[in-house]
Amino acid sequence: MDILQAQLKAQQDKKTYALVTIVKTEGVTPRGVGSKMIVFADGSSAGTIGGGVLEKQVIRDAIQCIRDRGKTLKVYENRADESDSPCGGIITAYIEAEQVAPKLVVCGAGHVGGCLIKLGTMLGYHITAIDTRDPETIADNIKQADSFVQVEDFYQGIKALDIVPGAFYLVSTYGHAQDGEALAAVLEKEAAYVGMLGSLIKITALFGKLREKGYSEEQIAAVNAPVGLQIGGETPPEIALAIMAEMQMIRYGGTGRQGKEVLRSSLP
C-alpha cells in the first residue's frame with residue numbers, strides 16, 4: 001500500500017519516477033519476487049528491494065531509465081563479500097520509467113508565456129516558469145505554473161537548473177539579449193522541443209551570434225522559430241495556441257494536417 005500511495009502522490013505532484021519490481025530470485029536474497037520500490041529522478045526512493053550495495057546499483061539504473069524514458073530487465077548479484085548482508089543471491093529486476101507529465105519550461109513569463117502556462121496546465125504539463133522579474137510583477141501569468149524560478153541571468157540560471165531530459169522549452173523573454181541568453185542555455189539541455197518567439201530579423205541575428213559562440217548547425221536547426229503552427233491570429237492567446245499545437249504535434253508525432261485531408265488521402 002505504501003508503494004501505491006507513493007505512486008498516487010507522484011502522479012498528483014506530476015513527478016516522473018521509475019517502478020522497480022523483482023521478477024526472479026536465485027539463492028538467498030533479502031526480498032522475494034514481487035517486491036517493489038519506486039525511484040525518483042533525484043535518487044530518492046520509496047519502498048525497498050533489500051537495501052545495501054545492490055539497491056544502490058538498482059537506483060542508479062532506475063535514474064538512467066528515467067533519463068532515457070525507457071525500461072530494462074537487469075540481473076544483479078548480491079555478493080556477500082561486498083556487503084554487510086549474509087545474503088549472496090541473485091535478483092532479476094524489471095525497471096520501467098513512468099512519465100507522469102511532460103515537462104514544460106517557459107523562459108520568460110510575459111503575455112504569451114503566461115497564456116502558454118494556462119494552456120499547458122489544461123493539457124497536463126508540469127510547468128516551470130523562469131524569469132528575472134519580480135514574481136509580483138508577473139503574478140497573474142505564473143500563478144498556474146507548478147514552480148517559478150527567479151534568476152539574475154537567464155543563461156546561468158537555466159544552465160544551473162536540473163531539468164529532466166525530454167522537456168519542452170519556450171523562449172519568450174522581454175528582450176533580444178535575454179532571448180539570446182535563454183536560448184543558449186536551453187540548447188545545452190536535452191530537449192524534446194525548443195521554440196523561440198520572435199521576428200525573422202531577431203531570429204536571424206540570434207542564430208548568427210550562436211554560430212559565433214560555437215553552437216552547431218544541428219543545435220540551431222532544432223529550434224522551432226518562427227515558433228508555432230501557422231494557424232493565424234496575432235493576440236497572445238492565439239500565438240500561445242499555435243505554439244501549444246506545435247508542441248502537441250511533436251509530443252504525439254502528429255503531422256499538423258487537417259483531419260479531412262488525412263481521410264481523403266486514405267480513400268480509394
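This is a predicted model: local features need pLDDT of at least 70, side-chain atom pairs count only at pLDDT 80 or more; totals for chains, interfaces and linings use all residues.

Me: How many helices and strands does the protein chain have?

Reply: The protein chain has 10 helices and 11 strands. Its C-alpha atoms fill a box of roughly 70 × 60 × 35 Å along the principal axes. Of the 268 residues, 43% are buried. Among contacts between residues at least 6 apart in sequence, 55% join residues at least 24 apart.

Me: Why is aspartate 179 called buried?

Reply: Buried means under 20% relative accessible area. Aspartate 179 has a relative accessible area of 1%, so it is called buried. Its place is in helix α6, residues 176–186.

Me: Which residues does aspartate 179 touch, not counting residues up to four places away in sequence?

Reply: Aspartate 179 touches Val171, Ser172, Thr173, Met196, Leu197, Lys202 and Leu206, with residues up to four places away in sequence not counted.

Me: What makes the pair of aspartate 179 and threonine 173 a polar contact?

Reply: A polar contact needs a pair of N or O atoms within 3.5 Å, where one must be able to donate a hydrogen and the other to accept it. The side chains of aspartate 179 and threonine 173 make such a contact at 2.7 Å. The value of 2.7 Å is therefore within the limit of 3.5 Å.

Me: Is threonine 128 buried or exposed?

Reply: The cut-off for buried is under 20%. Threonine 128 stands at 7% relative accessibility, so it counts as buried. Threonine 128 lies in strand β7.

Me: Which side chain makes a polar contact with the side chain of threonine 128?

Reply: The side chain of serine 147 makes that contact, at 3.1 Å. The limit is 3.5 Å, so 3.1 Å meets the distance part of the term. Serine 147 is also among the residues that threonine 128 touches, which include Lys103, Leu104, Val105, Val106 and Val149.

Me: Why is glycine 195 called buried?

Reply: Its relative accessible area is 0%. Since buried means under 20%, glycine 195 is called buried. Glycine 195 is in strand β10, and it touches Tyr169, Leu170, Val171, Asn224 and Val227, not counting residues up to four places away in sequence.

Me: What separates the C-alpha atoms of glycine 195 and isoleucine 243?

Reply: They are separated by 7.9 Å, with the two residues 48 apart along the chain. Isoleucine 243 is one of the buried residues of helix α9.

Me: How do you know that the reach of α9 is close to the expected one?

Reply: The expected span is 1.5 Å times one less than the number of residues. Helix α9, residues 236–252, has 17 residues, and from its first C-alpha to its last it reaches 24 Å, close to the 24 Å expected. After α9 comes glycine 253, whose phi is positive, near 70 degrees.

Me: Which residues of α9 are buried, and what covers them?

Reply: In α9, the buried residues are Ala240, Ala242, Ile243, Met244, Glu246, Met247, Gln248 and Met249. What covers them includes β6, α3, β9, β10 and β11.

Me: Which residues lie nearest the centre of the largest pocket?

Reply: Thr16, Ala41, Lys103, Ile163 and Val164 lie nearest its centre, out of 26 lining residues. The elements giving two or more residues to this lining are α2, β7 and β9. α2 gives the most, with 3 residues. The volume of the largest pocket is about 650 Å³. Its lining has 12 nonpolar, 6 polar and 8 charged residues.

Me: What lines the second largest pocket?

Reply: The lining includes Leu197, Pro226, Glu238 and Ala242. By class, the lining divides into 7 nonpolar, 4 polar and 1 charged. The second largest pocket has a volume of about 200 Å³.

Me: What makes a space a cavity and not a pocket?

Reply: In a cavity a 1.4 Å probe fits but cannot get out, whereas a pocket is open. The search of the whole structure finds 1 cavity of 30 Å³ or more. About 40 Å³ of space lies in the largest cavity. Its lining includes Thr29, Pro30, Arg31 and Ile91, and divides into 4 nonpolar, 4 polar and 1 charged.

Technical notes. Residues are numbered from 1 along each chain as its sequence is written. Side-chain values use heavy atoms; hydrogens and water are left out. Helices (H or I, at least four residues) and strands (E, at least two) are DSSP runs, numbered from the N terminus. Buried means under 20% relative accessible area, exposed over 50%, partly exposed in between (1.4 Å probe, protein chains only). Contact means heavy atoms within 4.5 Å. On a 1 Å grid over the protein atoms alone, a cavity is a set of points where a 1.4 Å probe fits but cannot get out, and a pocket is an open set with protein on both sides within 12 Å along at least five of seven lines; lining residues have an atom within 4 Å of a point. Grid points are joined across faces, edges and corners, and a volume is the space filled by probe spheres set on the points. Ala, Val, Leu, Ile, Met, Phe, Trp, Tyr, Cys and Pro count as nonpolar, Asp, Glu, Lys and Arg as charged, and the others, Gly among them, as polar.
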